[in-house]
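Hi,

Here is the structure I promised to send over. Have a look at it first, and then read my notes below.

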Amino acid sequence: MEKLTNNKSILDWVQTRIDLLQPDKVVWIDGSKEQIQALKDEAVSTGEFIKLNEEKLPDCYFHRTNPNDVARVEDRTFICTPTKEEAGPLNNWMDPDEAYKMCDDIIRGSYKGKTMYVIPYSMCKVGSPFAKYGLEVTDSIYVVCNMNIITRIGQRVLDAIGPDSTDWIKGTHASCNSDPEKRYINQWPQDNTIYSVNSCYGGNVLQGKKCFALRIASNLARQEGWQAEHMLILGIEYPNGETKYLTAAFPSACGKTNLAMLVPPKHYVDKGYKVWCVGDDISWIRKGPDGRLYAVNPEYGFFGVAPGTNMQSNPNALLSCRSGSSIFTNVARNLDDNTFWWEGMPDAPENGEDWLGNPWNGKTSTEKGAYPNSRFTAPAKNCPCLSSEFENPNGVPVSAFVFGGRRAKLAPLVYQARNWQHGVFVGAAMGSETTAAAQGQKVGVVRHDPMAMRPFIGYDCGTYLQHWLDMGKKIDEDKQPKIFNVNWFRKDDEGHFMWPGFGDNLRVLLWIMDRCEGKVDAVETPIGYLPKPEDIDIDGLDVTVDDVKAMLTVDKALWREEADGIEEFFKSLGDTVPQELYDELATLRANVAE
Ligand code: OXD
Ligand code: MN
């Protein structure tokens, strides 16, 4: 085994992994092109990967996971803090020692006959002020190759950790036999430790993403006075060349990746507007030297939901994965030309193979070709609208935080919170109506999802909301990002979406930015500041000012019901919910009283 570091804490820990997992061989991932290529070739030779059409999709591979292992498993994700209270009521909790023992008993000896890959990885640009480092051991080449896309990996990370530091995250992944009853995604924040056991699905095992960059990092952020959020980052470039940035949080199935890579409507393009993607999923946010908040995307690639991605909904995502070095998981294949296919793409293949590997005729079959949560993993560098600030070690200044959800009747197209505290309330009260397909649940049930972080806050939710309030107190009021809520999913009485969405969402983002600059007035309402209908640009849309007016109505009776739901949710979070948020709830109640 060729070691790539002399750091004793790392070498000692790797030895504990060898003793526990008992691999035949240990390979340190240096991140070189040659090493990664050799691993891809090996995965092709064993059938773990299928190489796709080199001419059409250079350096792209297909992989399928066990059909029982195709999504994040929130019910098997545990925060193993010393006390249950520290994990809080939204997280599953396990006693730390019992959790180690249970997981170690499951994974002991499970690398026998296999290779252990040691992946050093960095969240954020290596050596940058935001950067944090981790090691993940895995028995899966698929994990190595995906981590190589969505994080920065290899020798340079070990060099950045240096010979003496113990400040790195310890990650263990063991594929085992994918037994769903013994599947555990466990985090021990006090030990900076992650285990992913009995899974090979990305969101569970690509530990840089949800496990580290959100669950562990949210703990570090609270201790160190910054924020780890489930937010995209985008920049809007104005015709004068200036660019302003916002971050936005949405629960799943609300079009987050599409917004992150938005294509402006034609008349904006003609005027010289551009939208740049800094990140599609996660933001690490800190106060900068000028007293404003700055956000970086700690990731290096995208791990996006494939179905529904097409040249209309998100050409930038499709081009990102088509231009090469991407991995496609649980999608369908076109066997004629050995390319990928998924629902929402044109030209379903007649001679196809579904995500399970069965022969599949996309023209006649009533079954889906791709699994609904099938994914593409693509390098961010492939994205045609990637921001030039993507690698800026100091991040980008945040003008606005945007929250949103899927609400058929309640929330207007957009509104602005009155101040930071009210904005934290808006984020804390966030909820989205379930879509039947996604969860097999009743349609339209509101799932409360504070800041879209419900499955990702690595500690008690009320304490997290307090941290949001505390962050606001650190920033001078004139430098605080303004906080907004959007709802692209308002429906009319016939059940039709009222707002066209997709690229046209830029029209709403421009109102948001104008508010941040104090360039446009607003109407004070019981729930916050709303646009004057004529201030939302509808030029070129099949939408009238009256339609916009209808999208901006605030139905007090519905908001009274909403306030009851918020109160019930806050109560379910226990007594750590800050009093300030109950004060905001009282204000809302008073404002919408009969
Ligand atoms: C994701 C998620 O995959 O939030 O990004 O589930
Ligand atoms: Mn996400």
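This is a predicted model: local features need pLDDT of at least 70, side-chain atom pairs count only at pLDDT 80 or more; totals for chains, interfaces and linings use all residues.

**The manganese ion**

Which residues hold the manganese ion (ligand 2)? Its protein donors are Lys-210 through NZ, His-230 through NE2 and Asp-281 through OD, lying 2.2 Å from the ion. If you want to find them in the sequence, look for the spacing K-x19-H-x50-D. His-230 and Asp-281 bring together distant parts of the chain, as they are 51 residues apart. His-230 is in the loop between strand 12 (227-229) and strand 13 (232-237), while Asp-281 is in the loop between strand 15 (274-279) and strand 16 (283-287).

Are these two buried or exposed? His-230 has a relative accessibility of 8%, so it counts as buried. Asp-281 is also at 8%, and therefore counts as buried too.

**Ligand 1**

Ligand 1 is surrounded by Arg-72, Lys-210, His-230, Asp-281, Arg-375 and Phe-456. By type, that shell has four charged residues, one polar and one nonpolar.

Oxygen atoms of ligand 1 come up against several polar side chains. Lys-210 has a polar side-chain atom 2.9 Å from an oxygen of the ligand, and for Arg-375 the distance is 2.9 Å as well. In His-230, a side-chain N or O atom is 3.2 Å from a ligand oxygen. On its own, ligand 1 has 210 Å² of accessible area, and the protein covers 84% of that.

**Two serines**

Ser-178 sits in the loop between strand 9 (169-174) and strand 10 (184-188). Its relative accessibility is 11%, which is under the 20% cut-off, so Ser-178 is buried. What does Ser-178 touch, leaving aside residues up to four places away in sequence? The list is Asn-66, Asn-68, Asp-69, Arg-183 and Asn-198.

Ser-399, on the other hand, belongs to strand 25 (residues 396-404). With a relative accessible area of 10%, Ser-399 is buried. Leaving out residues up to four places away in sequence, Ser-399 is in contact with Lys-244, Tyr-245, Arg-292, Pro-481, Lys-482, Met-513 and Cys-516.

**Two positive phi angles**

Cys-124 is not a glycine, yet its phi is positive, near 85°. You'll find Cys-124 in the loop between strand 6 (115-123) and strand 7 (132-138), and its relative accessible area of 3% makes it buried.

Asn-338 has a positive phi of about 55°, again without being a glycine. Asn-338 is in the loop between strand 20 (332-334) and strand 21 (339-341).

Cheers

Definitions and conventions. Residues are numbered from 1 along each chain as its sequence is written. Chains are lettered from A and ligands numbered from 1 in the order in which they are written. Side-chain values use heavy atoms; hydrogens and water are left out. Donors are N, O and S atoms within 2.8 Å of the metal (3.2 Å for Na, K and Ca); water is not among the atoms, so sites may look incomplete. Helices (H or I, at least four residues) and strands (E, at least two) are DSSP runs, numbered from the N terminus. Buried means under 20% relative accessible area, exposed over 50%, partly exposed in between (1.4 Å probe, protein chains only). Contact means heavy atoms within 4.5 Å. A residue is near a molecule or strand if one of its heavy atoms lies within 4 Å of it. A polar contact is a pair of N or O atoms within 3.5 Å; within protein, one must be able to donate a hydrogen and the other to accept it, and residues adjacent in sequence count only if both atoms are side-chain atoms. Accessible areas come from the Shrake-Rupley method with a 1.4 Å probe; for residues, only the protein chains shown count as cover. Ala, Val, Leu, Ile, Met, Phe, Trp, Tyr, Cys and Pro count as nonpolar, Asp, Glu, Lys and Arg as charged, and the others, Gly among them, as polar.
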